[in-house]
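Subject: Structure for your review

Dear colleague,

Please find the structure below, together with its sequence. My findings follow it, and I would be grateful if you read them with the model open.

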Amino acid sequence: MRGMVKKLLCGGSKNFASSRTSALPEEGKVRVYVGKDKESQCKLEVDANLLNHPMFEDLLRLSEEEFGHSYEGALRIACDIDVFINLINLLKTMHHHNPSSF
């Protein structure tokens, strides 16, 4: 079950994922690759305003230590996919309850 959820979150089939590669993210979204290595990375789009949250900034700093500054069209996040999704959901919940905190 967990594998199927990851497959859906990461773009479903390879054909779907490759067809979306060249498309720009929606307005107000940022494309990120999440995962500790290229084989397990998942491409996601997150709300751009979440990038300013201190927890997300810490995650970006850790990822910079892991991957360096260079990236290919998207931010790379060195984090387990499940942990990242839980963080995003937490930040969205916090933003919903206190929009001025972002």
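Met 94 counts as partly exposed, because its relative accessibility is 32% and this class covers values between 20% and 50%. Please note that the model is a predicted one.

Met 94 belongs to helix α4. Together with Met 55 and Leu 90, Met 94 forms a nonpolar patch on the surface, and the three residues have about 230 Å² of accessible area together.

The largest nonpolar core has 18 residues, of which Val 32, Val 34, Leu 44, Phe 56, Ile 77 and Phe 84 touch the most other members. At least two residues of this core are supplied by each of β1 (29-34), β2 (42-47), α3 and α4 (81-97). Helix α4 gives the largest share, namely six residues.

Setting aside neighbours within four places in sequence, Phe 56 is in contact with Leu 50, Leu 51, Ile 77, Phe 84, Ile 88 and Leu 91.

Finally, please look at Ser 63, which lies in helix α3 (residues 54-67). Is Ser 63 buried or exposed? Ser 63 counts as buried, because its relative accessibility is 2% and the limit for buried residues is under 20%. Not counting residues up to four places away in sequence, Ser 63 touches Gly 68, Arg 76, Ile 77 and Ala 78. With Ala 78 there is also a polar pairing: a polar atom of the Ser 63 side chain lies 2.8 Å from the backbone nitrogen of Ala 78.

Yours sincerely

Methods
Residues are numbered from 1 along each chain as its sequence is written. This is a predicted model: local features need pLDDT of at least 70, side-chain atom pairs count only at pLDDT 80 or more; totals for chains, interfaces and linings use all residues. Side-chain values use heavy atoms; hydrogens and water are left out. Helices (H or I, at least four residues) and strands (E, at least two) are DSSP runs, numbered from the N terminus. Buried means under 20% relative accessible area, exposed over 50%, partly exposed in between (1.4 Å probe, protein chains only). A polar contact is a pair of N or O atoms within 3.5 Å; within protein, one must be able to donate a hydrogen and the other to accept it, and residues adjacent in sequence count only if both atoms are side-chain atoms. Contact means heavy atoms within 4.5 Å. A nonpolar core is a set of buried Ala, Val, Leu, Ile, Met, Phe, Trp, Tyr and Cys residues joined through side-chain atoms within 4.5 Å. Patches are made of residues with over 30% relative accessible area and no salt bridge: like charges are joined within 9 Å, nonpolar side chains (Val, Leu, Ile, Met, Phe, Trp, Tyr) within 5 Å. Accessible areas come from the Shrake-Rupley method with a 1.4 Å probe; for residues, only the protein chains shown count as cover. A salt bridge is a side-chain nitrogen of Lys or Arg within 4 Å of a carboxyl oxygen of Asp or Glu.
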